[in-house]
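I set out to record what I looked up in this model, entry by entry.

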Amino acid sequence: MISFSAVTKVYPHGIVALRDITVNIEKGEFVFLIGPTGSGKTTFLRLIYREIKPTRGSVYVMGENLAKMKEKEIPYLRRKIGFVFQDFKLLPYKNVYENVAFALEVIGCDPDEKEARVEEVLERVGLSHRKHLLPYQLSGGERQRAAMARALVYDPPILLADEPTGNLDFEAARGIIDLLVEANLRGTTVIVATHNRDIVNSLRKRVIVLRDGALVRDDKEGGYDV
Amino acid sequence: MYKLKYFISEALKGLWRHRVMSLLSIITIFLVLFILGVFLMIGANVRFAVESLSESLEIRLVLKGNPTPQDVQRLYNSILSLNGVKEARFISRGEGLRNLAKELGREDLLGLLKTNPLPDVFEIRVKRASDVEAVVRSLKGWSETQEVIYGKEAAQKLLAIQRFLIYGGGILGSILLVSALLVIFNTVRLVVYARREEIEIMKLVGATHWFIRFPFIFEGVILGGVGGVLAFGALILSYGEAVKVLSSQFPFIPVILETAVLYKLCGAVLLLGLLIGFGGGLFAVQRLLGKVAME
Ligand SMILES: Nc1ncnc2c1ncn2[C@@H]1O[C@H](COP(=O)(O)OP(=O)(O)OP(=O)(O)O)[C@@H](O)[C@H]1O
Ligand SMILES: [Mg+2]
């Protein structure tokens with residue numbers, strides 16, 4: 001599904017964010033990506049949705065070599081990948097419904113199908129009763145649910161989450177993780193970068209640990225600490 | 001079809017959401033285009049006036065001896081074939097004397113003189129002041145020519161004015177045009193820049209570049225178009241008023257009254273607005289699209 005082969009990423013000014021990473025993530029896996037701040041987690045995720053290119057090595061997503069991917073093909077790659085970020089990235093002037101629908105409008109989905117799918121996904125994340133509210137009128141947990149709905153509405157085979165619980169209390173974080181697990185049970189490959197020790201420890205999923213850009217641990221059913 | 005509707009409605013929503021900025025940019029575009037239009041109109045009118053004056057520049061070709069009607073016809077043809085000549089009129093010595101008598105108010109002049117002392121003359125008008133010198137030079141070379149009389153100083157002054165208008169006006173006009181382009185371009189760019197977050201999210205959820213571009217291009221075109229239409233209307237109206245005032249206060253100043261010319265000028269201003277709106281929108285969104293694609 002996703003495979004890194006000897007990937008090194010050097011940012012401008014010679015900052016090495018990832019060094020020589022080789023890792024393979026199969027279809028349907030649930031992976032936690034952990035490591036101290038600045039260890040390269042976000043960089044790892046950005047490589048997968050082709051926000052950036054590796055400096056050396058290659059990244060394959062669903063059989064495609066992203067380094068060779070043409071600029072024009074990137075949108076189609078992104079339609080196979082859902083994203084959730086710590087800061088939600090919702091459009092402030094669109095309500096919940098419109099924010100989710102936006103993701104479908106952008107890919108040219110027809111209006112009837114759009115409505116059905118948005119309603120369904122809002123139901124799934126438990127936001128149907130909040131769909132007419134604007135992001136600022138929602139709690140942090142609800143905002144992240146809206147972002148989840150937007151990521152899930154086009155049924156992507158891959159879901160990336162960068163510290164999705166970073167701004168949430170324990171309860172809200174739990175709710176978001178449940179949604180991620182549920183998506184994973186439906187067959188979506190999920191990668192979550194996180195600092196949340198409790199959640200990593202309680203789920204016992206695959207854990208990939210980065211430190212200073214190097215892969216230092218990769219456990220099948222791992223915990224936060226060794 | 002569904003998409004076109006989507007693009008237009010997104011563009012309108014975008015403009016409305018940022019209505020203060022949109023309004024400000026429309027005003028800016030309007031003002032810039034209006035000033036440019038005023039300048040163009042003044043320029044066109046000054047040129048028109050100078051040309052009218054040039055037409056009243058007159059060259060008198062005084063002929064030697066007694067040319068036959070055939071000679072006169074031949075000379076007439078030669079004169080018209082000279083570059084820059086607009087029209088020529090033959091005035092025989094007889095006609096000249098009658099005119100003179102009329103001017104002096106002495107109808108008996110013909111009787112008083114035993115012989116007609118006046119020569120045969122061609123009155124020649126040129127198209128432009130700059131043609132005078134060349135025409136005069138040609139005429140002087142002819143064997144039938146006794147003398148060439150013309151307003152040398154007037155011609156030279158007009159010529160200087162024309163040169164000044166062409167170069168000065170050209171420079172000033174270009175400066176004005178370039179600043180108009182820059183101002184409008186930047187205004188549209190600012191409007192688009194206010195929307196970077198939206199573009200980032202669109203890219204993230206897999207919108208193609210064209211899909212992202214269209215609403216912004218529409219926005220640019222709408223901004224430029226509305227500014228242009230306003231400038232068009234204001235120019236036509238204020239020109240009418242200006243002409244009214246001018247022709248009652250200074251009736252001797254020649255002005256362009258032909259509406260086709262005016263509409264063409266104002267139409268050019270409108271088109272300019274649309275084009276710059278389009279270019280500004282496209283360029284701005286292109287910059288934002290390019291940014292993340294780097295690294
Ligand atoms: N655009 C960039 N230009 C230059 N350096 C960058 C850029 N983005 C990240 N870096 C650097 O790359 C390194 C890895 O950053 P990255 O964001 O991947 O870390 P992270 O593991 O996500 O950290 P955190 O847990 O704080 O989010 C850091 O040292 C960071 O300063
Ligand atoms: Mg990060």
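**Entry 1: interface.** I began with the side chains of A:Lys89 and B:Glu200, which meet in a salt bridge at 3.6 Å, N to O; a salt bridge is a side-chain nitrogen of Lys or Arg within 4 Å of a carboxyl oxygen of Asp or Glu. I found one salt bridge across the interface of chain A and chain B.

I note that the model is predicted: local features need pLDDT of at least 70 and side-chain atom pairs count only at pLDDT 80 or more, while totals for chains, interfaces and linings use all residues. Residues are numbered from 1 along each chain as its sequence is written, chains are lettered from A and ligands numbered from 1 in the order in which they are written, and side-chain values use heavy atoms, with hydrogens and water left out.

I then looked up the extent of the interface. In contact (heavy atoms within 4.5 Å) are 30 residues of chain A and 22 residues of chain B. The two chains bury about 2200 Å² between them, 61% of it on carbon and sulfur atoms; this is the accessible area (1.4 Å probe) that two parts lose on being put together, summed over both. In chain A, the residues that lose the most area to chain B are A:Tyr93, A:Phe102 and A:Val106, together 24% of what that side buries.

**Entry 2: ligand 1.** Which residues come nearest to ligand 1? Of the 13 residues around ligand 1 (a heavy atom within 4 Å), I list A:Thr37, A:Gly38, A:Lys41, A:Thr42 and A:Thr43 as nearest. The site is shared between chains, because residues from chains A and B surround ligand 1. An oxygen atom of ligand 1 is 2.4 Å from an N or O atom in the side chain of A:Thr37, and one is 2.7 Å from such an atom of A:Thr42. For A:Gly38, a polar backbone atom is 2.8 Å from an oxygen atom of ligand 1.

**Entry 3: salt bridges within chains.** A:Asp218 and A:Arg206 form one of them, with the closest N and O atoms 2.8 Å apart. A:Arg206 counts as buried at 10% relative accessibility, whereas A:Asp218 counts as partly exposed at 35%; buried means under 20% relative accessible area, exposed over 50%, partly exposed in between (1.4 Å probe, protein chains only).

In chain B, B:Arg89 forms a salt bridge with B:Glu95, the closest N and O atoms being 3.6 Å apart. Salt bridges that share partners join B:Glu58, B:Arg60, B:Glu87, B:Arg89, B:Glu95, B:Glu123 and B:Arg125 into one network.

How values were computed:
A polar contact is a pair of N or O atoms within 3.5 Å; within protein, one must be able to donate a hydrogen and the other to accept it, and residues adjacent in sequence count only if both atoms are side-chain atoms.
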